[in-house]
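Subject: Structure handover

Hello,

I am passing on the structure that we spoke about, and my notes on it follow below. Please have it open beside you while you read.

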Amino acid sequence: MSVEDEAAERRARFEDLVPGLLEPLRRFLARRTDPATAEDALADTLLVCWRRLEDLPEDPLPWAYGVARNCLANAERSARRQQRVAAKISAVDPPAAATDGPEPPDTTVGEALSALRPNDAELLRLWAWEQLSPAEIATVLDITANAASIRLHRARGKLKDQLRKMGPVSGHEESREGRRP
């Protein structure tokens with residue numbers, strides 16, 4: 001096989017793979033950061049997928065979630081560095097108007113998630129938002145499936161406790177529907 005044929009085969013494989021990854025990864029990143037950072041992290045994730053095409057497992061989505069998570073962490077570190085530089089500059093030459101950070105979540109669940117440790121909140125997001133199984137979460141976080149299952153169980157308990165602390169929860173747990181008095 002010629003070099004051109006190998007390149008065409010590689011490109012065809014990547015083009016077949018991307019449609020199944022693109023929207024889930026876009027949603028994954030959009031739920032974790034602002035739109036511009038999400039698009040940058042998505043581009044970085046697809047670049048890693050292209051470079052490591054031969055390393056992709058049979059089911060590439062959990063692996064790609066792990067890559068996206070790392071790309072997002074890199075983008076956040078970069079943003080923090082930029083903020084530190086901006087803070088140093090603003091101390092010398094303060095801006096006319098300062099901008100506030102992102103708005104805190106306005107939902108009860110969002111508030112409860114933000115009160116949890118970041119690792120616990122991420123586990124719950126992978127489970128609830130991305131609808132991953134503990135085995136798939138293990139792939140994303142590069143831990144064993146058993147560890148993912150145990151951590152998920154504990155994180156769900158912590159979220160439940162946090163929600164109870166925040167006040168009465170409306171929903172099926174409080175409902176008396178279908179019960180006899």
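I begin with a contact between Glu122 and Arg32, whose side chains meet in a salt bridge with an N to O distance of 3.1 Å (a salt bridge being a side-chain nitrogen of Lys or Arg within 4 Å of a carboxyl oxygen of Asp or Glu). The pair links distant parts of the chain, with Glu122 in helix α5 and Arg32 in the loop between α1 and α2, 90 residues apart. Both Glu122 and Arg32 are buried (buried means under 20% relative accessible area, exposed over 50%, and partly exposed in between, with a 1.4 Å probe and protein chains only).

Please keep in mind that this is a predicted model, in which local features need pLDDT of at least 70 and side-chain atom pairs count only at pLDDT 80 or more, while totals for chains, interfaces and linings use all residues. Residues are numbered from 1 along each chain as its sequence is written, and side-chain values use heavy atoms, with hydrogens and water left out.

A second salt bridge joins the side chains of Arg31 and Glu130 at 2.7 Å, N to O. Arg31 lies in the loop between α1 and α2 and Glu130 in the loop between α5 and α6, so this pair ties together parts that are 99 residues apart in sequence. Arg31 is partly exposed, at 31% relative accessible area, whereas Glu130 counts as buried at 9%. These residues belong to a network of salt bridges that links Arg31, Arg32, Arg69, Glu122, Arg125 and Glu130.

Elsewhere, Glu39 and Arg26 form a salt bridge of 3.1 Å, N to O, between their side chains; Glu39 lies in helix α2 and Arg26 in helix α1, so the pair ties together parts that are 13 residues apart in sequence. A search of the whole structure finds 11 salt bridges.

As for the overall fold, the secondary structure comes to 7 helices and 0 strands (helices are DSSP runs of H or I with at least four residues, strands runs of E with at least two, numbered from the N terminus). Of the 181 residues in the protein, 29% are buried.

The largest nonpolar core has 39 residues, among which Leu29 and Ile137 touch the most other members (such a core is a set of buried Ala, Val, Leu, Ile, Met, Phe, Trp, Tyr and Cys residues joined through side-chain atoms within 4.5 Å). Helix α3 supplies the largest share of this core, 8 residues.

Best wishes
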